[in-house]
Amino acid sequence: MPRQPSVPREAMRQAIETLRAAVGSARNGLPEEVFLFVSSLTPMVNVDLLIRDDQGRTLLTWRHDRFYGPGWHIPGGIIRFKESSAERIAAVAAKELGAEVGFDPRPLCQHEIVNHSRDVRGHFISLLHACRLLTPPDEARRFDPSAPRDGDWAWHQGCPDDLIRVHEIYRAFIDGAEAGSPLPSAQVSLGKAENHIRNADTENQAAR
């Protein structure tokens, strides 16, 4: 049952209409301030792209931001309003890699990630999809270790030591220990970094 608002309903309606006018169509994405606010109200659903080549390497991108970086991570993105997971996978490949991919529509695994230490970007449902490159990634975005840039890509033989903590849940896949059989859903608590690592390690051991 909905709870009663702590402010007058008319004031709340006016605030909502102001936001609606500022945002326009949510299918085109949200302004960052609005997105961060929404992420503190409801879980976000995102797709992550596990891209491997014939040599057993995994394509990762460098991330350096105030929430997760610096470190390597599997490219991914949050599904927008009325957007299919297939559309978001294609958009992530184009935006982050400058490439086209094919993919298995059945997720390899699903994780519900809850960060108890913050509300903004604090609850995600993450779907990992096995993908393959149909076109090569943009060479202009290849990672240069002497000048790391947010979003640049590189192939990795095995999981790098500086994988971002939230993607420790994918270590077994990046290492090639899990390649094709879907895993059951799992929940990961991110109250503290050490709790996250412990839970991720437990899941990876169970997956093996």
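**Entry 1: a first residue**

Is Trp-62 buried or exposed? I looked it up: Trp-62 has 13% relative accessibility, so it counts as buried. For my own notes, buried means under 20% relative accessible area, exposed means over 50%, and partly exposed is in between, with a 1.4 Å probe and protein chains only.

Before going on, I noted that this is a predicted model, where local features need pLDDT of at least 70, side-chain atom pairs count only at pLDDT 80 or more, and totals for chains, interfaces and linings use all residues. Residues are numbered from 1 along each chain as its sequence is written, and side-chain values use heavy atoms, with hydrogens and water left out.

**Entry 2: the overall layout**

I found 5 helices and 9 strands in the protein. These are DSSP runs numbered from the N terminus: helices are H or I with at least four residues, and strands are E with at least two. Along the sequence the pattern reads α-α-β-β-β-β-α-β-β-β-β-α-β-α.

Of the 208 residues in the protein, 38% are buried. The accessible surface comes to about 11,900 Å², and carbon and sulfur atoms hold 52% of it. Such areas come from the Shrake-Rupley method with a 1.4 Å probe, and for residues only the protein chains shown count as cover.

I also checked contacts, meaning heavy atoms within 4.5 Å. Taking contacts between residues at least 6 apart in sequence, 69% join residues at least 24 apart.

**Entry 3: aromatic rings**

A pair of aromatic rings is described by the distance of the centres and the angle of the planes. The rule I used takes rings of Phe, Tyr and Trp (its six-membered ring) and pairs them if their centres lie within 6.5 Å; planes under 30 degrees apart are stacked, over 60 edge-to-face, and the rest tilted.

The structure holds 3 aromatic pairs. One of them joins Trp-62 and Phe-143, a tilted pair with 5.5 Å centre to centre and 40° between the planes. Trp-62 sits in strand E2 (residues 58-63), while Phe-143 is in the loop between strand E7 (123-133) and strand E8 (153-156), so this pair links distant parts of the chain, 81 residues apart. Phe-143 is buried too, with a relative accessible area of 19%.

How far apart are the ring centres of Trp-72 and Phe-143? They are 4.6 Å apart with the planes at 70°, so this pair is edge-to-face. Trp-72 lies in strand E3 (residues 71-73), so its pairing with Phe-143 ties together parts that are 71 residues apart in sequence. Trp-72 is buried at a relative accessible area of 4%.

**Entry 4: the cores**

A nonpolar core is a set of buried Ala, Val, Leu, Ile, Met, Phe, Trp, Tyr and Cys residues joined through side-chain atoms within 4.5 Å. The largest one here has 24 residues, and Trp-72 turns up again among those with the most contacts inside it, alongside others including Leu-50, Leu-128 and Phe-173. Contributors of at least two residues each include helix H2 (32-39), strand E1 (44-51) and helix H4 (171-174). A second, separate core has 12 residues, among them Ile-51 and Val-92.

**Entry 5: a sheet**

Strands of a sheet pair through backbone hydrogen bonds, either parallel or antiparallel. I count two strands as paired if DSSP finds at least two bridges between them.

Which strands form the open sheet? Its order is E3-E2-E8, with antiparallel pairing. E3 and E8 stand at the edges with a single partner strand each, so one side of each has no neighbour in the sheet. Neighbouring strands are turned by 45° against each other on average, direction ignored; the axes behind such angles are lines fitted to C-alpha atoms, for helices over the stretch in contact, and angles run from 0 to 180 degrees between N-to-C directions. E2 and E3 are joined by 3 bridges. Arg-63 has Gly-71 in E3 as its bridge partner.

**Entry 6: two positive phi values**

Lys-82 is not a glycine, yet its phi is positive, about 60°. Lys-82 is found in the loop between strand E4 (76-78) and helix H3 (85-97), and at 60% relative accessibility it counts as exposed. Arg-121 also has a positive phi, about 50°, without being a glycine. Arg-121 lies in the loop between E6 and E7, but counts as buried at 13% relative accessibility.
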